[in-house]
Amino acid sequence: MIDGFYKSGEPIADTKAPAGPIEERWTTRKFQAKQVNPANKRKKKIIIIGTGLAGGSAGATLGEAGYHVQQFCFQDSPRRAHSIAAQGGINAAKNYRNDGDSVHRLFYETVKGGDFRSRESNVHRLADISRNIIDQCVAQGVPFAREYGGLLDNRSFGGTQVSRTFYARGQTGQQLLLGAYQALMRQVDAGNVELYPRHEMLDLIMEDGRARGVVVRDLINGEIKHYTADAVVLASGGYGNVYFLSTNAMGSNVTASWRAHRHGALFANPCFTQIHPTCIPVSGDHQSKLTLMSESLRNDGRVWVPKKGGDTRRPADIPEDERDYYLERIYPSFGNLVPRDIASRAAKNVCDEGRGVGPGGLGVYLDFADAIGRLGRDKVEAKYGNLFEMYERITGENPYDTPMRIYPAVHYTMGGLWVDYDLESTIPGLFVIGEANFSDHGANRLGASALMQGLADGYFVLPNTIGDYIARNDGLGPVGESAVTEAEERVKSQIDRLLSVDGDRSVDSFHRELGHIMWEYCGMERTEEGLRKALDLIPALRQEFWERVRVTGKGEELNQQLEKAGRVADFFELAELMVVDALHRTESCGGHFRAESQDEDGEAKRDDADFSYVAAWEWAGEGEQPILHKEALNFEYVKPTQRSYK
Ligand SMILES: Cc1cc2nc3c(=O)[nH]c(=O)nc-3n(C[C@H](O)[C@H](O)[C@H](O)COP(=O)(O)OP(=O)(O)OC[C@H]3O[C@@H](n4cnc5c(N)ncnc54)[C@H](O)[C@@H]3O)c2cc1C
C-alpha cells in the first residue's frame with residue numbers, strides 16, 4: 001500500500017439501500033420514503049444545476065410533481081447541454097429481440113463490465129428501470145429507429161452478447177434531449193420551473209451543514225446572484241475535460257461538483273476514467289477537441305492493423321492474409337464488441353508494437369468493406385450515415401471507400417461525487433445525478449449505459465428519494481443572511497484573485513499542459529513511477545498558474561477567459577486527487593490499468609482482497625492530504641471473477 005499521499009478516515013456505508021431480495025429493494029425503499037403532500041409541494045423549492053438528460057428529466061418530473069424548481073445551465077439553451085452529443089444509443093432490458101435478455105442479464109453484464117467495482121443494489125435498480133425509460137420516451141414522441149413491423153429496433157454495444165441498444169440513427173442523445181426538453185418547457189409554461197440559462201454555479205450555500213442554495217454568475221453581465229432552496233441537485237455532467245483533449249463538449253467541467261467537494265461532499269473513484277476506443281486520432285498541436293466515432297460502428301466495422309510493423313501501404317493494398325483483426329483473434333467470443341477498456345488497451349498495444357497506422361502510427365483501422373459487401377451501401381448508410389459524413393468532413397477521407405482510422409480518447413468519467421442509494425451526497429440536501437455522480441458503472445461503463453443512468457436518475461429515482469428528504473426536513477425555514485454573504489464573498493474573492501494575477505500565460509496553455517500530464521501519467525496505462533512524477537508536476541504547474549495566468553477584462557461583463565480560468569483552477573485540484581486515487585489503487589480494474597498489475601496475457605488483474613471498495617475522498621483543505629473513506633462492496637448475486645471476453 002502506497003502511503004504518504006493521503007490519510008485514512010472512517011469507513012462509510014450506503015445506509016439507504018434496504019436489505020432483502022435485490023428485486024424488491026427499490027419497491028421497499030419507495031414505500032419507506034416519506035411523502036410530501038401534493039398541496040405542499042409547490043411551497044418547496046428545489047434548485048437543479050444542469051439541463052442535460054439527467055437534469056432535464058429531473059426538472060420536468062419534479063415540476064410535473066408540483067415542486068417549485070429553479071434550474072440553471074451555462075449554455076444559452078437547455079437543449080445545448082453536452083448530452084446532445086450522444087450518438088449510439090440507450091440500453092434497456094426489453095428483450096424485444098427475444099435473444100435471452102432480461103433485467104438480470106443487464107444487471108449481471110453491468111456489474112461484470114464495471115469490473116466488480118459497483119454496487120449491486122444500484123445496478124439492479126438501473127436495469128429494472130431501463131424498461132420504463134423507453135416507454136416514457138416513446139410516449140414523449142422520441143423517434144427511435146423501428147423495424148419493418150413497427151417494433152423498436154435494437155443494436156449491440158460492447159460487453160454484451162444480446163441486442164438491447166435503442167437508437168435514433170447516430171443522434172440518440174439529441175432526440176432524447178429534445179424529449180426531456182419538451183417536457184421541461186411544458187413545466188416552464190405551467191410556471192413550475194424557472195429557467196436560468198447562461199448562469200454558472202460557482203458555490204454552494206451551506207447552513208447548519210446542509211445544502212441550502214447556490215451562488216451563480218450571470219455569464220452575460222457578470223452579476224453575482226444567489227438562490228436559496230430546500231434542496232439542491234447537481235446534474236452538472238462529467239469532468240473528462242481535465243485531460244484538455246476529450247470527446248466532451250468544450251464547456252464540460254468539474255466546478256459545480258468540486259465546489260461541493262470543498263464543502264464536504266466526498267468524491268468517489270476519481271481516477272476511473274473511460275478511454276473510448278473509437279475516436280478520430282489527434283492530428284496536431286492545434287486541436288482543442290476530439291471527435292467520437294460511436295461504438296455502434298463496431299457492430300459492423302472490423303478493427304485491424306497490418307501484421308507487420310512499419311507497413312505504410314494503403315489499406316487497400318494490404319492483402320487479407322497480411323491483416324491482423326486483433327480483437328477477433330484475441331477475443332473470439334466478443335470479437336469487435338469487447339468492452340471499451342479492453343478495446344482501447346488492445347489498440348494501444350498494437351500501436352506500441354509499431355503496427356499503428358496513419359501519421360505518427362497512433363491509429364488502427366475500422367473497416368466497413370465486409371458490411372458494405374454483405375448489406376449493401378444503402379443499408380450501411382441508413383444505419384450510420386451521419387457518422388460517416390462527420391468522419392469525412394473532419395478527415396477528408398470517405399469511409400465507404402477506405403477504412404476509418406481511429407484511436408482511443410478520453411470520453412467519460414465513472415468517478416464523481418459519492419451518493420447513497422437515494423442519490424444523496426454526504427452533504428445533507430445535496431443530491432447528485434447523471435454523470436456527475438459515481439453511482440453505477442464501477443471501473444468501466446458499458447456503452448449506451450450513460451443515457452440510461454442519467455434518465456433513470458432524473459425521471460425515476462430522484463423524484464422518489466428527494467421527497468423523502470424534503471418531508472423529513474419540513475421545518476428548515478429561510479436561509480440566514482450570513483450563510484448567503486459568506487458564499488458570495490468566496491465567489492467574489494476567487495474572481496478577484498484570478499483577475500489580479502495579471503500574468504503572461506494564457507489559461508488555455510495551462511489547461512493544455514495539465515491535460516498532457518494527465519494523459520501521459522494518468523491515462524490509458526498508469527505506473528507508480530509515472531503517477532509519482534505527476535504528483536510532482538501538477539502542484540508545480542498549479543503554483544505557476546496562480547503566479548502567471550493572464551485573464552483580461554473585468555468580472556462585471558461577459559468574460560469567457562474568466563469562466564475558463566475558474567474551471568481550470570478547479571481542474572488542477574481535481575487532477576491531483578485523481579492521481580492520488582490512481583496511485584493508492586495498486587490493482588488494475590476496468591479503465592484503471594496499473595502496469596504493475598497484469599496477468600500473463602497482459603489483461604487487467606484485480607486485487608479483490610485489498611481493493612473491493614469505493615474510494616471516497618474527503619477534502620482536507622488546500623495543500624492538505626485528502627482523507628480516504630472506504631465503502632466496502634459486497635457481491636451477493638454476481639460473484640467476482642477475472643473478467644474474460646475470450
Ligand atoms: C461524443 C459523445 C457521445 C456519447 N454517446 C453516448 C451514447 O450513445 N450512449 C450513452 O449512453 N452515452 C453516451 N455518451 C455519454 C453521455 O452522453 C453523457 O454521459 C451524458 O449525456 C451526461 O448527461 P448529464 O445530464 O449527466 O450531463 P450533461 O449532458 O453534460 O449536462 C450537464 C449540464 O450541467 C450544466 N452545468 C455544468 N456545470 C454547471 C455549472 N457550474 N453551473 C451551471 N450549469 C452547469 C451544463 O450547462 C449542462 O446543462 C456520449 C458522450 C460523448 C462525449
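In this predicted model, strand E2 (residues 45-49) runs alongside strand E3 (residues 68-72), and the two pair in the parallel sense over five bridges. Within E3, Gln71 is the residue that stands opposite Ile48. Pairing of this kind works through backbone hydrogen bonds, and strands can do it either parallel or antiparallel.

E2 and E3 belong to an open sheet of five strands. Read across, the order goes E6-E3-E2-E10-E18, with parallel pairing. Which strands sit at the edges? Those are strand E6 (193-196) and strand E18 (430-432), each of which pairs on one side only. On average, and with direction ignored, neighbouring strands here are turned by 20° against each other. Helix H3 (residues 53-65) packs on this sheet, where it touches E2, E3, E6 and strand E10 (231-234). The direction of H3 makes about 160° with that of E3.

H3 turns up again around the ligand, as one of the elements that give two or more residues to the shell there. The others in that group are helix H6 (172-189), strand E7 (199-207), helix H7 (255-262), strand E16 (404-413) and H12. There are 45 residues around the ligand, and those that come nearest are Gly50, Gly52, Ser83, Gly237 and Gly434. Sorted by class, the shell holds 24 polar, 19 nonpolar and two charged residues.

H12 (residues 450-472) also meets helix H5 (residues 120-140): their axes come within 9 Å and cross at roughly 80°. On the H5 side, the contact is made by Leu126, Ile129, Ser130, Asn132, Ile133 and Gln136. H12 answers with Met452, Gln453, Leu455, Ala456, Tyr459 and Phe460. What classes of residue make up this contact? Eight are nonpolar and four are polar, with no charged residues.

Stepping back to the domains, the protein is divided into domain 1 (276-411) and domain 2 (481-610). Taken over C-alpha atoms, the centres of domain 1 and domain 2 are separated by 31 Å. Where the domains touch, six residues of domain 1 are in contact with six residues of domain 2. Helix H9 (residues 340-352) provides the largest share of the domain 1 side, namely five residues. That side of domain 1 has three charged, two polar and one nonpolar residue, whereas the contact of H5 with H12 has no charged residues.

Key. Residues numbered from 1 in each chain as written. Predicted model: local features only at pLDDT ≥ 70, side-chain atom pairs only at ≥ 80, totals over all residues. Axes fitted to C-alpha atoms, helices over the stretch in contact; angles between N-to-C directions. Helix = DSSP H or I, 4+ residues; strand = E, 2+ residues; numbered from the N terminus. Contact = placed C-beta atoms within 7 Å. Nonpolar A, V, L, I, M, F, W, Y, C, P; charged D, E, K, R; others polar. Pairing = 2+ DSSP bridges. Near = placed C-beta within 6 Å. Domains from an automatic or database assignment.
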